[in-house]
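Dear colleague,

I am passing this structure on to you, and my notes on a helix pair and a sheet follow below it.

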Amino acid sequence: MKRYILMFEYDSKKFMDVNKVIVFKRNLEKIEEKGNYVNMVFYGDATNEEFATFMSYFNSLVGEKICHLSISFKTKELVIENGINNKSIKLSAKNAKEIKNKRFDNVINEYYGKDEENIEIKILPTKDWESIILDLIGE
Amino acid sequence: MAIVTNLEELMKEKGYTLVELAKEVGISTVNLSNIKNGNISAIRFSTLDEICKVLECEPGDILKYKEINKKKVIPLFLDYSGTTDLLLKGGAENVKKFFDSIIAMQSKSNYEIQITMITGSSFESAKSKYKLLNVLAENYGLPNLFDGVVAEYCGFIIRKDKSSRLLTLDTRILEKRAEIEDIAEQYGGKISPEVTSIYNISFHEISRTRLAEVSEQIEKIIDCQDIETVTYYDAYGKECDVKPKKHSKSEVVYMLTKKLKEKYDIPFVIIGGDSQDEDLKMYTINKQRMKEEMGLKTVFIAPTNIGEIANNDEDIIIGNWENSDGIAQCIETLSKRIKVREDGGIEL
């Protein structure tokens, strides 16, 4: 059993797509059937408000709280899923510097807990995001 | 339909330049250019008389009546939390079903559906909602579905190209501006340069929950019950009327419909929401006056059960409240009621 934290660069055009989300849900079920957990984390230049709304919409479309947080390069804050309301934490100077270079390990581990075993953080491309997750189980 | 000018052709025919004709008629080149290009809403008889004299023609040679086909649009006003939020919560399949019902209705009627959402969110949140819903619809092949979002408490309408001030300026609130600013500051926010009515004071950087607290405090310093006159501003920031204070959401629907009616060929108006109080008022307050003043039928759709009232009015359509696809069901029911006339128009 593994918890995959999948990191995607935020692109509303690619992720706000009903047909792609439907394909993604089918693929997600296959991964969960094998006893794995998947969480998604988005990072990019959007505002906290936009990330908050996006996470709420995306989770609704998928039908489960798959996305708990986003990282705003614009505000250097960690935006936490809280419905459409905006809840955020300022990143430390060290973490803010790291995320610039797309190093997310510290931020993610601080949120999900260092002690949790079998966490695997993967930075994935946004192209064909709905199907790319099948790579996790070798399909 | 419109009055158009034929001045350009006449000038060519008679060999006049704009400058020469303006000089002979005795008006400025700019004014004559505006007449030539049709950028006028009226023309003086004396000016028309002079132009006819110089060009040796009849007024009918200059002004023509031309029928212009307006874009066919069905406006759909949706309360955000009662419909759109509910729709999204039903998941991607539910949204797909809704979009399909819209496409089917558009295809049957040959009219384009344009949604205006009404939300109590802050300006920034409403802007994000609008952006993402637009992307969702665009990706499904419906790029014009979401026409705008009204941020009700802020008094703004957000559209693709711009955001405009929407509602109301109350002089009595203006008198208390300094005190209102103090309250806003206490809550870490600020108000926009123009303070509007109690329901439409434009606050920034204050969440909706706290906005309610702020409003409560403001209600204490100004007696809201006594506010009798409100100056209304249209979606383009232009002052348009002074009226007694009315239900905010209903006024938004009324004013926007008036604007849309000028621009588009509208067969009827759809209003949607899930609350018997706030949302249904948008329909009950407007039904009669939209019919009398604009000749428009209004229907109300509710994706959930809104109670007994719906049983006595055939223009209220209720979706199956046990399922989350209630709004798509409403659109499908409405679609079945549409009758296409021989002239291409539609009716319910």
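A crossing is called left-handed if the near helix is turned anticlockwise from the far one by less than a right angle, and right-handed if clockwise. This is a predicted model, in which local features need pLDDT of at least 70 and side-chain atom pairs count only at pLDDT 80 or more, while totals for chains, interfaces and linings use all residues. Residues are numbered from 1 along each chain as its sequence is written, and chains are lettered from A and ligands numbered from 1 in the order in which they are written.

In chain B, helix H7 (residues 92-109) passes helix H14 (residues 326-337) in a left-handed crossing; helices (H or I, at least four residues) and strands (E, at least two) are DSSP runs, numbered from the N terminus. Their axes come within 8 Å and cross at roughly 15°, where axes are lines fitted to C-alpha atoms, for helices over the stretch in contact, and angles run from 0 to 180 degrees between N-to-C directions.

In chain A, six strands form an open sheet of mixed pairing, in the order E5-E4-E3-E2-E1-E6; two strands pair if DSSP finds at least two bridges between them. Because E5 (87-90) and E6 (119-124) of chain A stand at the edges with a single partner strand each, one side of each is left without a neighbour in the sheet. Neighbouring strands of this sheet are turned by 25° against each other on average, direction ignored. Strand E1 (residues 3-9) of chain A pairs with E6(A) in the parallel sense over six bridges, and A:Phe8 stands opposite A:Leu124 in E6(A).

Best regards
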